[in-house]
Amino acid sequence: MSAKPNTAFGGAAPSVAESSGLEVKRLTFVEAVAMIVGTNIGAGVLSMAYASRLAGYLPLLLWLAVAGVFTTISMLYVSETTLRTRSHHQLSGLAQRYVGSFGAWAIFLSVAVNSIGALTAYMSGSGRILSEFFGISPALGSLLFFLPAAFVLYLGLKAIGKGEKFISIGMVSMTLVLVIATLINEKTDFANLFEGSWIYMIPVFNIAVFCFSAQYVVPEMARGFSHAPKRLPVAVITGMVITFVLLAIVPMSVIALNGLENQTEVATLAWGQALGQWAFYTANTFALCAMMTSYWGLGGSFLTNIFDKFKSLGSESNPKNRLLVLAIVCVPPFILAYSGMVGFVNALYFAGVFSGVILSIMPILMLRSARKNGDIVPAWQCGWIAHPVIQVMVVFLYLCSMAYAIASALGWLPGGW
């Protein structure tokens, strides 16, 4: 028999949720916003200018806005679902409660595939950057990145929030320095932003969709805001707006500086060539910070999803349990980065496309069920953005993204795409 919603919001949450091993540790508003920004802004932001070199900047800006709006809506669905649930869960636990075992496993596998794929890429990318910085082997560079990254994950939600806050502030500062240096550079020509061809806009759409990946951290934020639930949707929207601005101004600067035809695969090279060696080091430091914050966001979500899915593990605060799960999260990506298993890593990416569709559908199903069977009538609700037409548009966006990925893998796309 389904639980009848309670009209009161209830008192302060207990230190450990009644039906999971997840602890409650308060987050400040800035820490929560930084979790959104840090998780979204991975090193991929530095490849966006190159990826849009045929279409141009304006199609990229359009798709960033579309993808950002619909991803934010999906995150707000998750927000209301968490606010309707008295006990604390991750996405897989919420899916178990409101959709059933199939939905729970689908969400868990989605989180696992995306996290392992992204963490593997961060292991490899950080190794290459630190190898260039210090003249060491890439494997040793990855190890130097891995140790502080894993240590903060071990410390838990509060440490992740603080780490995300300080490094995200650093990332924003470095971005502003590079952008200002670009704007005042004599080589900068804003006419470059209007070049390109809209014929090539479809591939850019797929790139933009996967620039936003912070749905996973919403339940983490909800735990941190159990004392002030009305802050959750405000933090989600604020974090996504800041994400959009950062994703927009980095390729804008590089394209205005070098034009579409002179883009390098990684923007750090283009900035370094045009602005000087200091820009190369600043931009690569930005890339390291972006990988670190995204590592914490995705890795922390994966870790707590494991505790929520496999409740027999007990509390996440148990040092032995936490160390075991941390090893499950952190060690495989390090091994995969240097195992030569390129095919497996590509398979993870391809599976991640399908998990994106799962992540678009499940929040809608969870929200609908939570409105019928949740514990609490929350202080905040989605309102008009939960209209069925909007929900269909969210699903359609991700289905189109999956269709493009399949067509690309099968070689069905026009030449030049």
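A nonpolar core is a set of buried Ala, Val, Leu, Ile, Met, Phe, Trp, Tyr and Cys residues joined through side-chain atoms within 4.5 Å. Keep that in mind as you work through these exercises on a predicted model.

**Exercise 1. Explore the core**

Task: Find which residues touch the most other members of the largest nonpolar core, and then list what Trp 271 touches.

Solution: 
- Step 1. The largest nonpolar core has 128 residues. Those touching the most other members are Ile 41, Tyr 77, Phe 145, Met 221, Trp 271 and Tyr 295.
- Step 2. Helix H12, residues 277-309, supplies the largest share of this core, with 16 residues.
- Step 3. Now pick Trp 271. Setting aside residues up to four places away in sequence, its partners include Leu 46, Leu 178, Thr 182, Val 250 and Ala 283.

**Exercise 2. Buried, partly exposed or exposed?**

Task: Classify Phe 244, Leu 183 and Asn 192 by their relative accessible area.

Solution: 
- Step 1. Recall the cut-offs: buried is under 20%, exposed is over 50%, and partly exposed is in between.
- Step 2. Phe 244 sits in helix H10, residues 231-258. Its relative accessibility is 27%, so Phe 244 is partly exposed.
- Step 3. Leu 183 belongs to helix H7, residues 157-183. Leu 183 has 40%, and therefore is also partly exposed.
- Step 4. Asn 192 is found in the loop between H7 and helix H8 (201-209). Because its value is 11%, Asn 192 is buried.

**Exercise 3. How confident is the prediction?**

Task: Find which element has the lowest mean pLDDT and which has the highest.

Solution: 
- Step 1. Start with the chain: its average pLDDT is 84, and 90% of the residues score at least 70.
- Step 2. Helix H14 (residues 342-373) has the lowest mean, 78, while helix H3 (residues 57-83) has the highest, 94.
- Step 3. Residues 1-19 have pLDDT below 50, and this stretch makes 43 contacts in the model beyond near neighbours in sequence.
- Step 4. Where pLDDT is low, the predicted coordinates should not be read in detail.

Note on methods: Residues numbered from 1 in each chain as written. Predicted model: local features only at pLDDT ≥ 70, side-chain atom pairs only at ≥ 80, totals over all residues. Heavy atoms only, no water. Helix = DSSP H or I, 4+ residues; strand = E, 2+ residues; numbered from the N terminus. Buried < 20%, exposed > 50% of the residue type's maximum accessible area, 1.4 Å probe, protein only. Contact = heavy atoms within 4.5 Å. pLDDT = per-residue confidence, 0-100.
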